[in-house]
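Good morning, and thank you for coming. Today I would like to discuss how two parts of one chain sit relative to each other. Please look at the model first.

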Amino acid sequence: MKKKMSVLLITMLTITTILAGCGNKEKTTSATDPAVKSTTPVTVSLGFWGTAQDLGIYQQAVKDISAVHPNIKLEIKQYPSSEQFWNTLPGEIAAGVAPDLIKLTNEGAFEYIHKGLFEPLDELIKPAGVDLSLYNGVDIWKVDGKQYALPISTMPAMFLINDDMWKKAGLGAYPKTWDEVQAAAKKLTTKDVHGIVINIDAFHITNYVKSYGGDWGYGKTINSPENVKAVQKILDMYKDGSAVTPKSIGYGWDGEVFANNKAVMTTGGYWYKGYLKEANPDLHYVALPVPEGTVHNSTMHSDGYVVLKDGKNKVEALQTASFLTSEKVLTEFVKVGNNPSLKSLSSKFFEVNPEFDAVKPAIEYSTDFQYPIETKKFIDELIKQLEGTILGGSNKTAQEILDKVQEQFK
Amino acid sequence: MSVSRNNSKSIQPYPYKKQSWFSSFADSDNKVGWLFILPFLILWAWWFFYPFVQSFIRSFQDMNFAAMDEAKFIGLNNFIQILQDPEFFQAVLHSLQIVLIAVPTQTILGLLMALLVNQKIKGKGIFRTIFFIPYITSQIAVTTVFMMLFKQGTFLTNFFGIFGFGDVTWFADTSYALIFVAILFIFQQAGFSMIVYLAALQEVPKDLYEAAGIDGASKWDKFRYITVPFVKPISFFVISVSTILGFQIYDQIAAISRYGALGSPAGATSTVVTYFYQHGIRYMNIGYGSAAVLLFFFIILIITFLQKKLLDDKE
């Protein structure tokens, strides 16, 4: 009996020690001692992906936030890429280790909003002291009448041309339609350089689709005649050898191909400014609206800060978002090419970024992505079908590709 | 049963008494042993057994990350759906292809490298280090370097062109991407096999080789009749571990699929693990993903069992 008792006690002691080691010290302290809670700043974690310049701005914000919100300590977590961000986030949410506040784009947010992972901000706005009337692009983040993000920026997609290479080829005026782009791309293509890089990625494909008057209709119009025309144009440019995918020449994304002078034209966005400043500061480029297929249309990108539903300290998280969208912080983002959401800074954007001046008209007509609710599944299927044809030589037509994707989203 | 050592004295059998689990645990002879393994057992139960049970339960549920409280029991529906999905069978086929190409190759390569560095040659320490470095290097780093080496127009793609391979970026071509993954696995895993085989080779008694030499055995005979039987149990270990790791290959594929859909290009590198990850984590359908994992678990279990049976029978 004595032996049994001693073994039992040792076992219990071991379990208790291990479990105590796994416990959350911080939680215990603040929950039991109100005095500690009132004086200790609350930690708000922010997750984002972006360029080295974005990181620099956030690192400065970490230092500055205590002057405005002494109750908040900001921690930042940078994800290596948007793909890794979207792949990692669900697991982090399930494990309860996701950041409290996330910077993301409207491109992939709809699925998360629909699945209830983000906190509607309506109840938090008043206690956090946020004034939505100061911002542009508020409606982009409204779903079923509820506000899901504090907007950071709104900016349409662009079409970028390596100006030095274009001028060297003596091609004259910049192209306004995809037919003109294709003709120019053929002339610009040499042994080492391709006329255009088309990344097999939903963002880029969507811009072609929109320029032909199509859209995904949240999954209802994937194989519409307009979308088929747009995808056919992409396939045609691959077929005649004037277009290349980043992957097939060993690069990760279109920006890398463009920065390395391996392609003269590409679809892209404001993030090119920050990226090219680091990757190839000598590259001279022009930014134009996305060329016309049959209509003027392109995607409208908006970054925003969302608060996770299961996050801690939601009010403080929104206060942090408010700080990060203050004039001081957003002025820094303007310098790296973001069109700020703050109305007071709107006029400054094109002054600071004259290279984006030609894109101004696209702000009026560009629209949201309209991906299906199962966004990631849709993106994966679309990429898979296109890669099968472009990289795998399956010889499917645009109609067959989109019919196949549509099958999954009836 | 009794054991007699000589005629004058016989050893009496230990009086066997059936013990309960707890009394066995409390027995002073076993207690120290149990206490030594107790921390491991607790952590194993915490990190492996509990998640396994959770995964088993989830596999019969319709459950989403976003609404874990609303999980519904749906019986075998997840399994039925998986078994009706051609993409699952494509993923299983790719996993099998990787294992069938990579495991025998890296096992033989590991043994050959071990034989080489077990010789009395100059600088064998350097060779051992060089062969082992890929195993301890980050998989992502190795993959990134290989991605640069296997780009269209590089020395390697031109070299393989001599053997009829196209001058294309291997990881971006649906015909070569899976071979590229297998090459990566072989490159990294062969160092591990080498170390294990090296340890086994050093245990082979030298006098056996000397005696065989006196009897006129050739180098091949010595290898065939002394080395191979001695390293056979180790071969089972190497093959089993490599098979399991081959089925679990993920990092390399994730690196290749960077900026694109997992299993890129066009699903050519999708495996059972990427299938699970895509459905369970990326699409947040954890019930479906758990069912895929459970099927995957049984596939590995059956294959390992067959491997053991095959090698035991030959023994």
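Let us begin with the distance: taken over C-alpha atoms, the centres of domain 1 of chain B and domain 2 of chain B are separated by 33 Å. The domain assignment, which is automatic or from a database, gives domain 1 as 16-58 and domain 2 as 80-314.

This is a predicted model, in which local features need pLDDT of at least 70 and side-chain atom pairs count only at pLDDT 80 or more, while totals for chains, interfaces and linings use all residues. Residues are numbered from 1 along each chain as its sequence is written, chains are lettered from A and ligands numbered from 1 in the order in which they are written, and side-chain values use heavy atoms, with hydrogens and water left out.

Where do the two domains meet? Four residues of domain 1 of chain B are in contact (heavy atoms within 4.5 Å) with five residues of domain 2 of chain B. Together the two domains of chain B bury about 440 Å², 75% of it on carbon and sulfur atoms; buried area is the accessible area, with a 1.4 Å probe, that two parts lose on being put together, summed over both. On the side of domain 1, Phe52(B), Ser55(B) and Arg58(B) supply 79% of the area buried against domain 2 of chain B, more than any other three residues.

How many salt bridges cross this interface? The rule, a side-chain nitrogen of Lys or Arg within 4 Å of a carboxyl oxygen of Asp or Glu, finds zero between domain 1 and domain 2 of chain B.
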